[in-house]
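User: I'm new to this one and would like a quick walk through it. Can we take it question by question?

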Amino acid sequence: MRIECVKARAFGRLVDAELRLAPGLTLVHGANEAGKSTWHDALYVGLCGRRRVRGGRSKEERDFEESRRPWSREDWQVAVEIALADGRRIGLRHDLDGMVDCSATDLALGRDVSAEIMNDGTPDGAKFLGLDRRTFLATACVRQTDVLGVLEDPDRLQEHLQRAAATAGRDETAGAALNRIDAYLSEHVGVNRAGATKPLRRALEAVEAAERSRDRATADHENYLRLAAAADEAAAAVEGASRRLLAVRAALAAGEARGGRARLERVRSLAKRFPEGRPQAPLDDDTLAQRVSAALSAWENRPELRRPGGLSAEELRREIAGLPVVPDGDLDVHESVNLAAQELHGARTAVELHRATRPEAPAADPVAGLSVDELRELAHTLAQVEPELDPGLADRVDQARDRVRSLETRRRVAMGIGALLALAGGAGVLWGPAIVGAPLCACGLAVLTWFGVRRDDGLPPGARSELRRVEVALASEQHLARVARQRRDRARERAESLGVPTDPAALRTRADEEVAAAAATRRLDEWEVRHGELCQRLARAENRAVEALGARGVCVQGPAEAELSDYRRECQRRAGLSHAAARRSGLEDQLAAREASEASLAEAELAIDSARRGLRECAERCGAAEDTDETRVLGLVGWIQARRLALEAHGAAVREYAELDQLLGDSSLPEFEDATERAEQRAEQLCRELGTPEPDVMLEDDPTAQLLRLEREERETSQEAQRLRGQTDVRTLQLQGVPEAEEALEAARAELSRIETLSQTLARTRGYLVSAQERVYRSIAPVLADTLRAWLPRVTGSRYQDITLDPATLEVRVCEATGAWRPAARLSHGTAEQIYLLLRMALASHLTAAGESCPLLLDDVTVQTDAARTEAVLDLLHAVSRERQVILFSQEAEVLAWAEARLLAPDDALVRLAPPEMPADTLSHAADTLSD
Amino acid sequence: MRLLLFSDLHLDAPFAWAGPRAASAWRQRLRETLASVAELAMRLGVDALVCGGDLYEHERFTPDTSEFVRGTFERLGSLPVYLAPGNHDWLGPESMYALNRWSENVHIFREDRLMPVELADGLTLWGAAHRAPANTDGFLEGFRVDRDGVHVALFHGSEHGSLAAQGSGKVPHAPFAALQIQRAGIQHALLGHYHQPRDAEYFTYPGNPDPLGFGEQGERAAVEVRVESDGRVTRERHVIQLTKIHDLTVDLTGCASQQDVRDHLRAQIASLEGLARVTLVGTLATQVDLRPRELSETPAALEALTVRAGAELCVAYDYDEIEMEPTVRGAFVRDVRAAGDLNDEERRAVLVTGLRALEGRDDLEAL
């Protein structure tokens, strides 16, 4: 896109003014207040227009309107003509006041193309570039403050890139957007953590509280229903109990009414019988009647006279007086004494029997200093015979000696021969023929050697050993004979020294006698020991007998056996006396019984006499005087019976009167009649309440108990019903509305759902934004780097050869000629502003629709730079204008001078704005003056 | 014989969205509706008042409501009232029906099978009760009248053919088919359960006499049913509705600010009374900071107002154009529009939230 001209019908101070622009670089130069900013704004709004909205405008829009509305005219209009890359020429016209007469027209065809670029109700020429009026401002318009911002804050370069990458520079960076989302999430959602105060936690707590409240309300409601049902059931139970009680009461009242009526009839009947009141007693002889009764009773109960048989009391007393007294001491032999006596008898018998078995004393004395075994050994030694020598053995020794001597002789002869032969042979060697001498000598030496050197001296081996064997045998026999003889001689000497016979048989006899005597002595000793033991046992038995007798009160002075016999005799004697004395008790009992019976007999006689006197006296008083006791009794009995009949008649009358009294109580007959009527009326009333003419209830045997039970039942059920009703009433007052609780819960859940949805939406949004940011950064970084890489050496005089952009952060780094990489933000101001302008150009290329080039509008971007930097920037812009239209607004003389020197028509143009005092619409279009 | 039929009053029902004050007032109006039905019965001089169930809600009814219902029917004097408990007011030992000491003119069907009551010579009313909140079998299964004359049934049940018209969420209870009515020997069935009124040839659903929510179709009425001696039935609906309820759709297209929205909305509801639900639709300018919850501040003339964003409400971002941008913004819009794991509502929320964040706005909670 290239902007060809801008026409201001009325715009700020501009009226019917036109600004024509070159396709390359156009410098619009003028002093302050000459109208540069006005033309800048007219250019922008002529291309992009203003949005048409209902309602209020933003402050930025209001400020624009205030500063750019025409000072004196109403037709606030501006128009531009542009040439597009596709060859079309478009005329854009904007009615900035009413926003109605706004259009875009294809100048060649005269066709309205507004619909192609409509944005917020008006045509927006930036849309031909793939931008809109906001992004065009951020992309194509470079203001002095933008450059200054980059110079003053190196990080602004990166921020600007990020913003451009995020929203083409119109809004926030993606990072700021993400921070905003995080902050919103933190503030409007928060975390679900105990103690957190943000909405999510509050909503969760609110839901929990509402759930608890709802659960409580529901539970209360259910409890209420259960309680109400229980109360209802209890009320029904009360009703049942009351009805049962009423039925029983009605039945009782009915029975009472019937009874009352019957009693009333009875009272009336009795009242008729006793018109005079209480009946009077017919007799006053009660005392006599009692005496008669007593007399008859005494007579009837008089004792019977029975006289006892057997000994009299006196006889018995005499017999008792003749009885002996009971002796002291044992009547029978005491068991301990019996045991002691048996033991003593056993011990005594044992001693006697053992004494009869005493053995005889020993008959022989032992030989002093010699035991029986030594005697027997001595006899054996003396009895031994000396061994005899073998006679043939001496002969065999002689023979063997002869043979040895013979053999010795032969050996000596042979050695002589050998010596001779040796000597002869030696002589032959020395002196004779050697052949003869040598063998002879050898033979001789051999014979000598053979017999001289042999160990057996040349004898046959059997001869010499035979000689040695027979010599040993002979010597052995001779030694044994000598030893036997020596032993016999010593035994004999010892016998003689001991004074015992030397005859072996006598010695053996003497040994046998000594053995027998030793056995007798041993038996006697054993007897003595046993005898002592038995005597000791006897002594112990005697002691025990004495002790037993002592324990029974016997003073022991003689032998124990005699004392035991005396004790037994005394026991027999005492037993006899005791048996006689034992009769005393029985006789005394007999005496007492006899005395009692004799006393009873006397008393009976007295009682009979008294009863008879009573009978007689009563009979006289009752007029029944008879002759005998029996007739008197009959008379008195008749008198008593007649009297009883009279009394029974009177008693019946008294009881009836008492019944009348009892029935009436304290009431009079009319009162009784009234009470009966009232009872009947009450019964009728209860039956009416019951709803039946006759109560249908079975009265139990004890109706009072039944009534009490039913009253208790009614009271208890009534109390239970009242309790339940009271609880129900209380619960009713405390009852929370279930619908209200459910509504509160629903509201809390809705709020929680909203927050959770918000949280989810924010999280998702964040995820998509992060993903988009990473992808766009990755794609835009190489594009920008490529653009800058092409320009960088040229604009920096080859000081920097290469450039990179970090895909993650869009940080720009440049490479020095030395190969060192440096952050672009830390470069010199001149280089930084050049890189910034190049980036703006690159971004404009990147953000613009394919095939189009976006013009750059620069407003006083060199005002803060020195001359050298200004020239460098201008050179850069001039170079850039070969690819895209550049429109530069400036007030600086250096810039004007540079333009006059460098700009060439028709690609470039220089527009001088008139000073402020001149009319605003006066332009000095220098393009025509530029040299070709 | 003339009967006045009503059902599904749902006394003590909750109204979650309306807020405490309006919900309470709504419940009170349900009571007044019952009083109006009773008054209508007296005014029309019908022979009996009959209820097809769901008179109240068992889990929520208060002692006060219980006494109110009892008193209302008692004041009808000798006019018979026949009640057939439904699935919401099912008959149990703790139900209102069991706890109340009803006046003698009130007859409650207590069996879970159809039981007869002779309304007039030759006219029998067969009624049944739900004895549990769910799983009640159809009352007409295997049922056949056992006597001559005209037979009318009263119960709470779901006619198969009418279920689809009730909308989603309606659970069938005690289901039956229309054909079963005739097969059972019944001339007409007076029913409850479906809230949408229906006057079919052999059965009548009166519908709830007062609104229970938004979106209900048909008149809110009680039905006067005339049963002729030959079994023919004629019906006349008497509108009872006390609650004024409005379901509006407001187009926000052209509103440039929240104030515009408020003014526009206020103009739409200015003349309304009762309860209103507003569904916002249209294309909203991007700069509008719209928060429906803050718009639900109830104007004086209305009892309650709820404002919600409709599915058709969108923000005036030109997504087609934005996604052409070689920027993060463009890539973001492309990604979100292409995302397969988002539904339309979620997609719209993410797009608006992301674009607002990029614009540096603080109103990130999208509609």
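Analyst: Let's start in chain B, where Asp54(B) sits in the loop between strand S2 (48-51) and helix H2 (63-74). Keep in mind that this is a predicted model.

User: Is Asp54(B) buried or exposed?

Analyst: The cut-off for buried is 20 or more other C-beta atoms within 10 Å. Asp54(B) has 28 C-beta neighbours inside 10 Å, so it counts as buried.

User: What is the phi of Asp54(B)?

Analyst: Most residues other than glycine have a negative phi. Asp54(B) isn't a glycine, yet its phi is positive, at about 55°.

User: And over in chain A, is Asp16(A) buried or exposed?

Analyst: Asp16(A) lies in strand S2 (residues 14-20) of chain A, and its phi is positive too, near 50°. Asp16(A) has 10 of them, so it is exposed.

User: Where does Pro906(A) lie?

Analyst: Helix H24 (893-902) of chain A is on one side and strand S16 (909-913) on the other. Pro906(A) lies in the loop between H24 and S16.

User: What ipTM does the predictor give the complex?

Analyst: For chain B, pLDDT averages 91, and 98% of the residues score at least 70. For the complex, the pTM is 0.60 and the ipTM is 0.87.

How values were computed
Residues numbered from 1 in each chain as written. Chains lettered and ligands numbered in written order. Predicted model: local features only at pLDDT ≥ 70, side-chain atom pairs only at ≥ 80, totals over all residues. pLDDT = per-residue confidence, 0-100. Helix = DSSP H or I, 4+ residues; strand = E, 2+ residues; numbered from the N terminus. Buried ≥ 20, exposed ≤ 12 C-beta atoms within 10 Å, placed from the backbone.
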